[in-house]
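Please provide a short report on the fold and the metal site of this protein chain.

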Amino acid sequence: MRVLLVEDEPEMAAALTVALKNYDMVVDHISTLADAEEAVFINDYGAILLDRQLPDGDGLTLIPKLRARGAGVPVIVLTARGELADRIAGLDTGADDYLGKPFAVEELLARLRAVLRRPADLPPETMRLGRLSFDLGNREASVAGQPLDLPRRELLVLEALLRRMGRTVTRSSLEEAVYSIDDEIQSNALDTHVSRLRRKLSEAEAEVEIHGIRGVGYLLKHSP
Ligand code: CA
């Protein structure tokens, strides 16, 4: 899953980026409101972490613009303004949660899990295909109950394929799911992730198959 982090304090942003990557997420870090507005038009995010006091304005002004486009993406507002009136303003604007700085990274991750679990989110908590299951809350794939040990990018490829199981997922949307805007993408990297993943799924007898569609993308389907 890809997360947009809008935060202008470099240390805070670096710490959160590391924590989210360790949580097997792709993080786009942006420091200004203007760049955030552009990023949400270009990419699909699973969640947005939004600072309020940004160099070019109040982060809250992003939320009505998102909601006006019908984007139901969960937004957690992060801010030093932890006063009651500010929290109410944030929630009234359409934020899903509000976290006052300073906060523990563990608390942020717990709140992120909570907003991702809400019923408004279309994907279920666990996706299943064949003997394979993917727990979205714990960010863990397993085959018949045995955890699959996958590096972050293979896990992200698998998540993106499972979210659209049975349908072709284009190379560009897979790359979008796996790489942040700061990552350099090597031309064959995606195919390498897919072939490693394919081998691991086959060794674990997951009863799923990744089909390559030349020049277009990949498709995951049940293969008993
Ligand atoms: Ca700030």
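What share of the contacts in the chain with a separation of 6 or more comes from residues 24 or more positions apart? Such residues account for 59% of these contacts, a contact being heavy atoms within 4.5 Å.

The model is predicted, with pLDDT of at least 70 required for local features and 80 or more for side-chain atom pairs, while totals for chains, interfaces and linings use all residues. Residues are numbered from 1 along each chain as its sequence is written, and side-chain values use heavy atoms, without hydrogens and water.

**Overall fold**

The chain contains 8 helices and 14 strands; these are DSSP runs numbered from the N terminus, helices being H or I of at least four residues and strands E of at least two. Its radius of gyration is 18 Å, close to the 17 Å of the globule rule for 224 residues, so the chain is as compact as a globular protein of that length. That radius is taken over C-alpha atoms, and the rule is 2.2 Å times the number of residues to the power 0.38. The C-alpha trace spans about 55 × 35 × 30 Å along its principal axes.

**Calcium site**

D8 (OD), D51 (OD) and Q53 (O) coordinate the calcium ion at 2.2 to 2.4 Å. Donors are N, O and S atoms within 2.8 Å of the metal (3.2 Å for Na, K and Ca); water is not among the atoms, so sites may look incomplete. D8 lies in the loop between β1 (2-6) and α1 (10-22) and Q53 in strand β4 (residues 53-54), so the pair ties together parts 45 residues apart in sequence.

Both residues of this pair are partly exposed, a class between buried (under 20% relative accessible area) and exposed (over 50%), with a 1.4 Å probe and protein chains only.

| Residue | Relative accessible area |
|---|---|
| D8 | 28% |
| Q53 | 39% |
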